[in-house]
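Subject: Structure handover

Hello,

Please find the structure below. My notes on it follow.

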Amino acid sequence: MTTPAPTDTLAERFATARQVADAVLFEGYVLYPYRASAAKNRLRWQFGVLVPPGWGADHAEHSHQRTECLMEPRSGARLAAELRFLRAQRRTVQRLDSDGEFTTAAELELPDRVLVPWDEGIEERCPIDVPVAELAGDGVTVPFSRPAGEETEPVHDADGRPVGRLVRRREEIRGMLRLTAQEIEGPYAVLRLTATVENTSGWAPDPAADDRDAALPRSLVAAHLLLGLSAGRFLSQTDPPEWARGAVAGCRNEHTWPVLAGPPGSAEVVLSAPIILEDHPAIAPESPGALYDALEIDEILALRTATLTDQEKREARGTDPRAAEVIDLADGMPPEVLERLHGAVRALREVTGPDPEPARPDTPWWDPGGDRDVDPLTDRISIDGRSVGAGSRVELRPGRRRTDAQDLFLHGRAARVEAVLHDVDGGVHLAVTVEGDPGADIRRAQGRFLYFQPDELAPLEDE
């Protein structure tokens, strides 16, 4: 069933897509402030966790993913698929006692780090390469497994003396990848590809316990798929051709979403991820490296990480090697790299043509002075048949459904209109100062008024 690797072109595009897939794989792996003791790092891994069916049946998490998308393979095409996920490896800390025995400890202090218990993520891959023709009917089913195991790593102090060890334990994981393809009725040779990933581990939890931590080492974490055609193309699920919209709408995707990956304009590779992405996602070129917390802005993460105390950085370095890399990255980031994180403009384009650049107005478009047809100080409007403008006295009647509590306190108060303002959408707002307000003169000097719509005011006297 397994045959030579995909063509060079497809392999290159897999490599491009894998950059984004790596970001999906490690999204949320360890969050700022990158310490195991932080509250936000105590509930790990929120995306793409396929738990053992014996545990997921009674909880919100699932034991399978289902991807469906349309493809137009050419004659003799092959499908390359790669399932990728993290395997949670449980690490415990043991201290070496004076009698030469190892005892489990909550932490182990070292000069440069503080080692603590932690679940490390080990990357796993399950590749397969098959002719598209073999996917008809029952398709191809590939079972996979990873055995249980245990390893120890000695820990030494600054002088090289043994002070403890790290014990890493892995639980058995079993799963299954099934690929099928069904022809779609219509004028084009289109197939619906179905890729199902299942956790088939037979582990069952203690009925008296509700322990997600016990299920994680037996789960496929951040599971996602890379799919590639050696000849042909996939159709976009978000922007398909008009003739394919009905067939795309009939695709069923569960706990994952497929998008076109690789360089813009290509359609030979699909990334099916547990995070909704747009077609042809890419890592920003300004990104200095993996920060694992994409819900935050890289610039803010880098600045905050650099300001952690030395003790906090020691804890982060002892939490996980990837967290230690983030600390080193923030500490050693050159100013020019940090400056690039401040933002980038990607929508600029060169403007060519015979038309000269229009004259720049004296005032910006949003400034009332930019429109000679309006004047906030002289314009007037009609309210209840009366002309109202700057200097008019009005009674405030704030609308209950479109204002805040502070304005409601002003209901029934008398006020003086300072200006009549027209917004760009054609709406009218009146700037007012409340009578009896000791700060009214300051408000006028600074232009800091209260604003009401015409139906929230009632004239108090004729002009």
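Which residue in S10 does Arg-146 stand opposite? Arg-146 stands opposite Ile-173. Before the rest, two remarks on conventions. This is a predicted model, in which local features need pLDDT of at least 70, side-chain atom pairs count only at pLDDT 80 or more, and totals for chains, interfaces and linings use all residues. Residues are numbered from 1 along each chain as its sequence is written, and side-chain values use heavy atoms, with hydrogens and water left out.

Sheet

Helices (H or I, at least four residues) and strands (E, at least two) are DSSP runs numbered from the N terminus. Two strands count as paired if DSSP finds at least two bridges between them. S7 and strand S10 (residues 173–183) run antiparallel and are joined by seven bridges. They belong to an open sheet of five strands, ordered S7-S10-S11-S1-S13, with antiparallel pairing. Strand S7 (140–146) and strand S13 (232–234) are its edge strands, each pairing on one side only. On average, neighbouring strands of this sheet are turned by 25 degrees against each other, direction ignored (axes are lines fitted to C-alpha atoms, and angles run from 0 to 180 degrees between N-to-C directions).

Pocket and cavity

Both are found on a 1 Å grid over the protein atoms alone: a cavity is a set of points where a 1.4 Å probe fits but cannot get out, a pocket is an open set with protein on both sides within 12 Å along at least five of seven lines, and lining residues have an atom within 4 Å of a point. Grid points are joined across faces, edges and corners, and a volume is the space filled by probe spheres set on the points.

The largest pocket holds about 850 Å³ of space. Its lining has 33 residues, of which Ala-23, Ile-283, Ser-287, Ala-294 and Asp-298 lie nearest the centre. Helix H1 (8–25) and helix H5 (298–306) each supply at least two lining residues, and H1 gives the most, with five. By class, the lining divides into 19 nonpolar, four polar and 10 charged residues (Ala, Val, Leu, Ile, Met, Phe, Trp, Tyr, Cys and Pro count as nonpolar, Asp, Glu, Lys and Arg as charged, the others, Gly among them, as polar).

There is one cavity of 30 Å³ or more. Val-24, Leu-25, Glu-27, Trp-45, Gln-46, Phe-47 and Ala-222 line the largest cavity.

Regards
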